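Please read the following note with the sequence and the structure open beside it. Each point may be checked against the model in turn.

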Amino acid sequence: MPTLEARRFQPTDPRDNRLAQIVTALVLLWTFLALCFPMLDTDFWWHLRTGELIIQRGELPSVDWYTFRDSDRPWIDLHWGFQLLIAGLYHLGGSPLIVLAKAVILTATVGLAWSAAGRTMPVWLKALLWFPAIVA
């Protein structure tokens, strides 16, 4: 006979499990579709250009390449990995590929966090908790 702890993780009704799967799929689909919009943040284009310059020059910036007044002051570019990634994606498929990659990566992140809540949290509560984050 299963212990109380083991029974707690087993769905009592197969329909409950099917409903949880449907709600999970809908939340992830909604997340993916909500993330499929063009890049509007102008900072994105700065990162893209910096990634292209890193590839062209073969070096990471040690000074701010865009500052004229303090062009010799040491500077650490913390985003160089992201900049190389989006420059590579942009050259492979342009902005649509970057939008698709963004949607896939963030949907996978939501899916991982969703599953981290385990089976003890009701699926309706998970969906309710994720609603504001997905809308934002």
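1. Confidence. This is a predicted model, and the chain has an average pLDDT of 85. A score of at least 70 is reached by 88% of the residues. Confidence is highest in helix α4 (residues 80-116), with a mean of 94, and lowest in helix α1 (residues 4-8), where the mean is 52. Where pLDDT is low, the predicted coordinates should not be read in detail.

2. Helix α3. Glycine 58 follows α3 and has a positive phi, near 70°.

3. The buried residues of α3. Which residues of α3 are buried? They are Phe44, His47, Leu48, Thr50, Gly51, Glu52, Leu53 and Ile54. The buried residues of α3 pack against α4. In general, residues three or four places apart on an α-helix point the same way, because there are 3.6 residues a turn.

4. The nonpolar core. The largest nonpolar core consists of seven residues, namely Phe44, Leu48, Ile86, Ala87, Leu89, Ile98 and Ala101. The greatest contribution comes from α4, with five residues.

5. Glutamate 52. Apart from neighbours within four places in sequence, glutamate 52 is in contact with Ala87, Tyr90 and His91. With which side chain does the side chain of glutamate 52 make a polar contact? The partner is the side chain of histidine 91, at 3.5 Å. Ala87, another of the residues in contact with glutamate 52, belongs to the largest nonpolar core.

6. Helix α5. Helix α5 (residues 123-135) has 13 residues. Its reach from first C-alpha to last is 18 Å, close to the 18 Å expected at 1.5 Å a residue. Where does the kink in α5 lie? The kink, of about 25°, is at leucine 129, shortly before proline 132. The buried residues of α5 are Val123, Lys126 and Ile134.

Definitions and conventions
Residues are numbered from 1 along each chain as its sequence is written. This is a predicted model: local features need pLDDT of at least 70, side-chain atom pairs count only at pLDDT 80 or more; totals for chains, interfaces and linings use all residues. Side-chain values use heavy atoms; hydrogens and water are left out. Helices (H or I, at least four residues) and strands (E, at least two) are DSSP runs, numbered from the N terminus. The expected span of a helix is 1.5 Å times one less than its number of residues. The bend at a residue is the angle between axes fitted to the seven residues ending there and the seven starting there. Buried means under 20% relative accessible area, exposed over 50%, partly exposed in between (1.4 Å probe, protein chains only). pLDDT is the predictor's confidence in each residue, from 0 to 100. A nonpolar core is a set of buried Ala, Val, Leu, Ile, Met, Phe, Trp, Tyr and Cys residues joined through side-chain atoms within 4.5 Å. A polar contact is a pair of N or O atoms within 3.5 Å; within protein, one must be able to donate a hydrogen and the other to accept it, and residues adjacent in sequence count only if both atoms are side-chain atoms. Contact means heavy atoms within 4.5 Å.
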